[in-house]
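Work through the exercises below with the sequence and the coordinates at hand. Each task is followed by a solution in steps.

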Amino acid sequence: MNHFKTEKILTITGAILFMLMGLGILLIGSFTPIQFNINGDYFTATYWEVASISMGGFWLWTVFFGVPLMIGIMGLVCWIFMKKQPKKGWGIVLIIMGVISFFSLVGILYLVAGIMLLNNKYWRESNQQNKNGMEK
């Protein structure tokens, strides 16, 4: 039977969107100049120019593109393991990632996929088969 089809689609969609979000922030930060004010003087620089001057700016932008990229990669890992061997633990991981990334609307995909994975009829059918096997 083809179980967890919707959960897999939601998970891979969320993973792709998160990775695109992270890479998009990296590209926007790398090529779009930002303007900032230091003691009344206005400066215009790109992400890499700020990073070469100040490590604080580098770490800030790294967090901005690194966090969505890592959440996307973790979602991709969950999707791969859900395809190979489904477990309820992956649903819990997806729920945790969905709660952490709830600030973005893409995080809702992980949250819904995790809840659906935990409430799937596959677990009820496997429990019923185990009970029937033990009764014989």
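**Exercise 1.** Determine how H1 and H5 are oriented relative to each other in this predicted model.

Solution. Step 1: take the two elements, helix H1 (residues 5-31) and helix H5 (residues 107-118), whose axes lie 9 Å apart at an angle of about 160 degrees. Step 2: apply the cut-off, by which angles over 145 degrees count as roughly antiparallel. Step 3: H1 and H5 are therefore roughly antiparallel to each other.

**Exercise 2.** List the residues through which H1 meets H5, and sort the contact by class.

Solution. Step 1: on the H1 side, the residues are Thr-6, Glu-7, Leu-10, Thr-11, Thr-13, Gly-14, Ala-15, Leu-17 and Phe-18. Step 2: on the H5 side, they are Gly-107, Leu-109, Tyr-110, Val-112, Ala-113, Met-116 and Leu-117. Step 3: by class, this contact of H1 with H5 holds ten nonpolar, five polar and one charged residues.

**Exercise 3.** Repeat the analysis for H4 and H5: what are the angle, the axis distance and the handedness of the crossing?

Solution. Step 1: the axes of H4 and H5 are 7 Å apart, and the packing angle is about 155 degrees. Step 2: with the cut-off of over 145 degrees for roughly antiparallel, H4 and H5 are therefore roughly antiparallel to each other. Step 3: the crossing of H4 with H5 is left-handed. Step 4: H4 contributes Lys-88, Trp-90, Gly-91, Ile-92, Leu-94, Ile-95, Met-97, Gly-98 and Val-99, which meet H5 residues including Tyr-110, Leu-111, Ala-113 and Gly-114. Step 5: the class count for H4 with H5 is twelve nonpolar, four polar and one charged residues.

**Exercise 4.** Classify Ile-80 and Pro-33 as buried, partly exposed or exposed, and locate each in the chain.

Solution. Step 1: Ile-80 is in helix H3. Step 3: the C-alpha atoms of Ile-80 and Lys-8 are 8.9 Å apart, although the two residues are 72 apart in sequence. Step 4: Pro-33 is in the loop between H1 and strand E1 (34-38). Pro-33 is at 48% relative accessibility and so counts as partly exposed. Step 5: beyond residues up to four places away in sequence, Pro-33 touches Thr-44, Ala-45 and Thr-46.

**Exercise 5.** Describe the chain as a whole: what is the order of its elements, and what share of its residues is buried?

Solution. Step 1: the chain has six helices and two strands. Step 2: from the N terminus, the order is α-β-β-α-α-α-α-α. Step 3: of the 136 residues, 32% are buried. Step 4: among contacts with a separation of 6 or more, 58% join residues 24 or more positions apart.

Definitions and conventions: Residues are numbered from 1 along each chain as its sequence is written. This is a predicted model: local features need pLDDT of at least 70, side-chain atom pairs count only at pLDDT 80 or more; totals for chains, interfaces and linings use all residues. Side-chain values use heavy atoms; hydrogens and water are left out. Axes are lines fitted to C-alpha atoms, for helices over the stretch in contact, and angles run from 0 to 180 degrees between N-to-C directions. Helices (H or I, at least four residues) and strands (E, at least two) are DSSP runs, numbered from the N terminus. Angles under 35 degrees count as roughly parallel, over 145 as roughly antiparallel, 65 to 115 as roughly perpendicular and the rest as oblique. Contact means heavy atoms within 4.5 Å. Ala, Val, Leu, Ile, Met, Phe, Trp, Tyr, Cys and Pro count as nonpolar, Asp, Glu, Lys and Arg as charged, and the others, Gly among them, as polar. Buried means under 20% relative accessible area, exposed over 50%, partly exposed in between (1.4 Å probe, protein chains only). A crossing is left-handed if the near helix is turned anticlockwise from the far one by less than a right angle, and right-handed if clockwise.
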